[in-house]
Amino acid sequence: MQDRHPTPDRTPIHPVWMRIAHWLNALAVLVLVTSGWRIYNAAPFFPFEIPKGLTLGGWLGGALQWHFAAMWLLAANGLVYLALNIASRRLFRKFFPLSIRGIWQDLLAALHGRLSHADPRHYNSVQRAAYLFVMLDIALLVLSGLVLWKSVQFAFLRDLLGGYEFARRIHFFAMAALVGFVALHLVMVALVPRTLLTMLSGRAGLPKGKTS
């Protein structure tokens with residue numbers, strides 16, 4: 001006889017190391033963005049400035065200290081996150097296979113409100129593409145940030161990125177892309193609040209045998 005009240009599946013969706021890395025990344029990104037806006041305001045290359053109330057550091061020196069501290073946190077945490085993802089093969093299980101066709105189909109389904117979020121264990125193609133993009137974007141942020149920090153010592157990297165001033169613009173747009181990702185991520189969390197709970201507890205409370 002089939003159990004009418006299946007017990008919840010207690011298998012963690014997100015391992016502890018992944019949840020810790022996620023929240024450390026969130027902290028690092030918050031500090032990087034707000035201090036980076038203050039640094040940008042000191043020498044803007046576009047005809048606008050970021051409202052001072054949204055920036056961190058108070059003055060340029062303070063903003064630089066916050067920015068460098070968060071940069072090292074993001075870089076170290078990102079390397080540990082990537083290494084554990086590869087070692088556990090989670091990177092390949094969660095983010096692949098991936099195809100343009102799959103991304104397009106899931107994007108259309110999302111726009112029509114038909115994209116299922118029944119099982120947070122499985123990422124759809126749009127999520128896979130978004131998470132892979134943000135990994136590459138953070139790598140570009142760190143590399144361009146190294147050029148802005150030590151331009152002479154990282155001369156090869158500076159030349160590879162088109163020079164110091166072009167590296168500044170790469171850094172700015174990479175940060176803007178990261179802010180856009182975070183904004184979209186927060187919207188999705190608001191639409192599917194269970195994803196926040198799984199990132200806090202590691203579990204979804206799905207009944208055993210239930211699939212998406």
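From the N terminus on, the elements of the protein run α-α-α-α-α-α-α-α, which amounts to eight helices and zero strands, where helices (H or I, at least four residues) and strands (E, at least two) are DSSP runs numbered from the N terminus. The model is a predicted one, in which local features need pLDDT of at least 70 and side-chain atom pairs count only at pLDDT 80 or more, while totals for chains, interfaces and linings use all residues. Residues are numbered from 1 along each chain as its sequence is written, and side-chain values use heavy atoms, with hydrogens and water left out.

Of the 212 residues in the protein, 36% are buried, a class defined by a relative accessible area under 20%, with exposed meaning over 50% and partly exposed in between (1.4 Å probe, protein chains only). The accessible surface of the protein comes to about 13000 Å², of which 70% belongs to carbon and sulfur atoms; such areas come from the Shrake-Rupley method with a 1.4 Å probe, and for residues only the protein chains shown count as cover. Among contacts (heavy atoms within 4.5 Å) between residues at least 6 apart in sequence, 69% join residues at least 24 apart.

Within H4, Gly102, Asp106 and Ala109 are buried. Seen down the helix axis, the buried residues of H4 fall within an arc of 55°, so they line one face of the helix, the arc being that of the directions from the helix axis to the C-beta atoms. These buried residues pack against helix H5 (125-149), whereas the face of H4 turned away from its buried side carries the exposed residues Ile100, Arg101, Trp104 and Leu111.

Leucine 98 lies in the loop between helix H3 (90-95) and H4 and is partly exposed, with a relative accessible area of 32%. Together with Leu82, Ile86, Phe92 and Phe96, Leu98 forms a nonpolar patch on the surface, with about 400 Å² of accessible area together. Patches are made of residues with over 30% relative accessible area and no salt bridge, like charges being joined within 9 Å and nonpolar side chains (Val, Leu, Ile, Met, Phe, Trp, Tyr) within 5 Å.

A search of the whole structure finds three salt bridges, each defined as a side-chain nitrogen of Lys or Arg within 4 Å of a carboxyl oxygen of Asp or Glu. In one of them, the side chains of aspartate 159 and arginine 158 meet at 3.5 Å, N to O; aspartate 159 counts as exposed at 51% relative accessibility, and arginine 158 as partly exposed at 22%.

Glu165, Arg168 and Arg169 are linked in a network of salt bridges. Glutamate 165 meets arginine 168 at 3.7 Å, N to O, and both lie in helix H7 (residues 164-191), three residues apart, about one turn of the helix. Arginine 169 also forms a salt bridge with glutamate 165, the closest N and O atoms being 3.2 Å apart, and these two residues, four apart in helix H7, are separated by about one helical turn. An α-helix has 3.6 residues a turn, so residues three or four places apart point the same way.
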